[in-house]
Amino acid sequence: MSQQYFGYNNLAHRLRCVVPLAALALAAALPAAVAAGPHGAVEGIWQTAPRDNGAYLSVRIEACITDPAAVCGTVVGSHNGAKAEFVGDPILVGMKPSGHDAWDGGEIIRPGRGTRYASKLRLIDEGLEVSGCVAAGLFCGAQIWTRP
């Protein structure tokens, strides 16, 4: 074998092959990272847990306009008999990061009634666990939202 196989010329050849592939991989991953936004996997469209009659809402979670450090949610769709008048209503406000894949300090708003509850969000394997509490956390309820 020639000395070029183990020497500089072979290294230069390898770099000419590897560097473009690494750049291509980085370029492919970058749009996904940018699309996730500053709040990562919680941003995007979620479906609320269906009610007994099968009705559910679609909710878009994204950075709040008034506080980009927090996330807010807006109803963007109604399905299987859910009231269409809820579309456009806020449902989550002021949820701030509180640890790995968790947000709290905000409120969940009951669509149609406007009742507000202290709320927490937590990403789990099954989806997004959304909880709301009243009476200083004495009475709480939770449901799992999923991706469409």
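Is the link of Cys133 and Cys140 right-handed or left-handed? This legend set, drawn from a predicted model, starts with that pair.

**Close-up 1. Cys133 and Cys140 form a disulfide.** The sulfur atoms of Cys133 and Cys140 lie 2.0 Å apart. The torsion about the S-S bond is 110 degrees, and the link is right-handed. Cys133 has a relative accessibility of 18%. Buried means under 20%, so Cys133 counts as buried.

**Close-up 2. Cys64 and Cys72 are joined by a disulfide.** Here, too, look at the two sulfur atoms. In the pair of Cys64 and Cys72 they are 2.0 Å apart. The torsion about this S-S bond is about 100 degrees, so the disulfide is right-handed. Are Cys64 and Cys72 buried or exposed? Both are buried. How many disulfides does the structure hold? It holds 2. Count the bonded cysteines along the chain, and the pattern reads 1-2, 3-4.

**Close-up 3. Strands β3 and β4 pair in the antiparallel sense.** Strand β3 covers residues 71-79, and strand β4 covers residues 90-99. The pairing of β3 and β4 runs over 3 bridges. Which residue of β4 is the bridge partner of Gly73? It is Leu92. Follow the side chains along a strand as well. In a regular strand they alternate between the two faces of the sheet.

**Close-up 4. Strands β4 and β5 run antiparallel and form a hairpin.** Strand β5 spans residues 102-109. How many bridges join β4 to β5? There are 5. Now move to the turn of the hairpin. There are 2 residues between the strands β4 and β5. In this hairpin, Asp101 takes a positive phi near 60 degrees.

**Close-up 5. Asp67 forms a salt bridge with Lys96.** Side chains of opposite charge can pair when their charged atoms come close. For Asp67 and Lys96, the closest N and O atoms are 3.0 Å apart. Asp67 lies in the loop between β2 (56-63) and β3, while Lys96 sits in strand β4, so the pair ties together parts that are 29 residues apart in sequence. Asp67 has a relative accessibility of 23%, so it counts as partly exposed. Lys96 is partly exposed as well, at 40%.

**Close-up 6. Glu107 and Arg116 meet in a salt bridge.** Their side chains come within 2.7 Å, N to O.

**Close-up 7. Glu129 forms a salt bridge with Arg122.** The closest N and O atoms of Glu129 and Arg122 are 2.7 Å apart. Glu129 is partly exposed, with a relative accessible area of 24%. Arg122 stands at 40% relative accessibility, and it counts as partly exposed. How many salt bridges does the structure hold? The answer is 3.

Terms used
Residues numbered from 1 in each chain as written. Predicted model: local features only at pLDDT ≥ 70, side-chain atom pairs only at ≥ 80, totals over all residues. Heavy atoms only, no water. Pairing = 2+ DSSP bridges. Helix = DSSP H or I, 4+ residues; strand = E, 2+ residues; numbered from the N terminus. Salt bridge = Lys/Arg side-chain N within 4 Å of Asp/Glu carboxyl O. Buried < 20%, exposed > 50% of the residue type's maximum accessible area, 1.4 Å probe, protein only. Disulfide = S-S within 2.5 Å.
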